[in-house]
Structure formats: structure tokens, C-alpha cells
Amino acid sequence: MQPTQALFKAFRKTRLTTKDVNKGFYKGTRTGRMGQHTKYGGYIVDWSRVRTFVVPPNLDKFKLTPYVTRQIQQTKGQYDGYRMGPKSPELYLDRWKRENGMD
């Protein structure tokens, strides 16, 4: 049994989901690949495929405004005394205790 032509045309304009098609359908995110997987589970980045965005010169004369104001101050993390920097477990625990108190 097949849907009528009117229903079929309306269905064709909707997005495909994994429930609409058979197994083996992978939707993806339309980002493309920038390297390849190794047989050991790693990933090798092909730097010729990585996107780079070049900021044009004379950007201060540009008429469009950015989403973020130009007056915002850049904040840098303070990781002095932590052996792994921002990935240090001690930093996480100290911040947890500072923000949530002691349990």
C-alpha cells in the first residue's frame, strides 16, 4: 500500500529522520571530514582540509556590527599552582567548593 500523491508530496518536503528510512541511514551534520580514523581508534587530522578563517584588513572601518560588543574585556584563566592547568582535578574541586560550599 502506498500513500496518495498528495500525501507523498507533503512528506517529501519534510526532513528525513532515522525513523523515516531503513537501517543504515546516517544523517550526519554536514560538516565534512577533516582527517581519517586509524585502526586503533585514533584520528589523524589532515591540516589541508581544516577550515581557516582569515580576518580581512581594515576591519575597524567595516559598517556591520558583530554579535559581541567590541568593548568587552578578554578574561584569562588563573591556573597558577595547578599541575595540569585548566584540566586539573584540583582546580575543579576548589572551584566546586568555592561556588557550592562544603557538603
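Predicted model: local features only at pLDDT ≥ 70, side-chain atom pairs only at ≥ 80, totals over all residues.
The expected span of a helix is 1.5 Å times one less than its number of residues. Helix α2 has twelve residues, so at 1.5 Å a residue it should span 16 Å. Helix α2 covers residues 89-100. Just after α2 comes G101, with a positive phi of about 80°.

**Overall layout**

The protein has two helices and two strands. Along the sequence they follow the pattern α-β-β-α. Strand β2 takes in residues 43-45. A loop lies between β2 and α2, and S88 is found there.

How much of the protein counts as buried? Of its 103 residues, 4% do. The accessible surface comes to about 11,300 Å². Carbon and sulfur atoms account for 56% of that surface. Now take the contacts between residues at least 6 apart in sequence: 0% of them join residues at least 24 apart.

| Residue | Relative accessibility | Class |
|---|---|---|
| S88 | 2% | buried |
| V50 | 24% | partly exposed |
| V55 | 61% | exposed |

Why does S88 count as buried? Buried means under 20% relative accessible area, and S88 has 2% relative accessibility, so S88 belongs in that class. Leaving aside neighbours within four places in sequence, S88 is in contact with Y82 and R83.

V50 falls in the middle class. Partly exposed lies between the 20% limit for buried and the 50% limit for exposed. V50 has 24% relative accessibility, and therefore counts as partly exposed. Which residues does V50 touch, not counting those up to four places away in sequence? They are M34 and V45. V50 and M34 are 16 residues apart along the chain. Their C-alpha atoms are separated by 5.7 Å.

V55 is on the open side of the scale. Exposed means over 50% relative accessible area. V55 has 61%, so V55 is exposed.

**A nonpolar patch**

V55 also takes part in a surface feature. Together with L59, F62 and L64, V55 makes a nonpolar surface patch. The area of this patch is about 410 Å².

Terms used
Residues numbered from 1 in each chain as written. Heavy atoms only, no water. Helix = DSSP H or I, 4+ residues; strand = E, 2+ residues; numbered from the N terminus. Buried < 20%, exposed > 50% of the residue type's maximum accessible area, 1.4 Å probe, protein only. Contact = heavy atoms within 4.5 Å. Areas by Shrake-Rupley, 256 points an atom, 1.4 Å probe, with all protein chains shown as cover. Patch = residues over 30% accessible without salt bridge, like charges linked within 9 Å, V, L, I, M, F, W, Y side chains within 5 Å. Salt bridge = Lys/Arg side-chain N within 4 Å of Asp/Glu carboxyl O.
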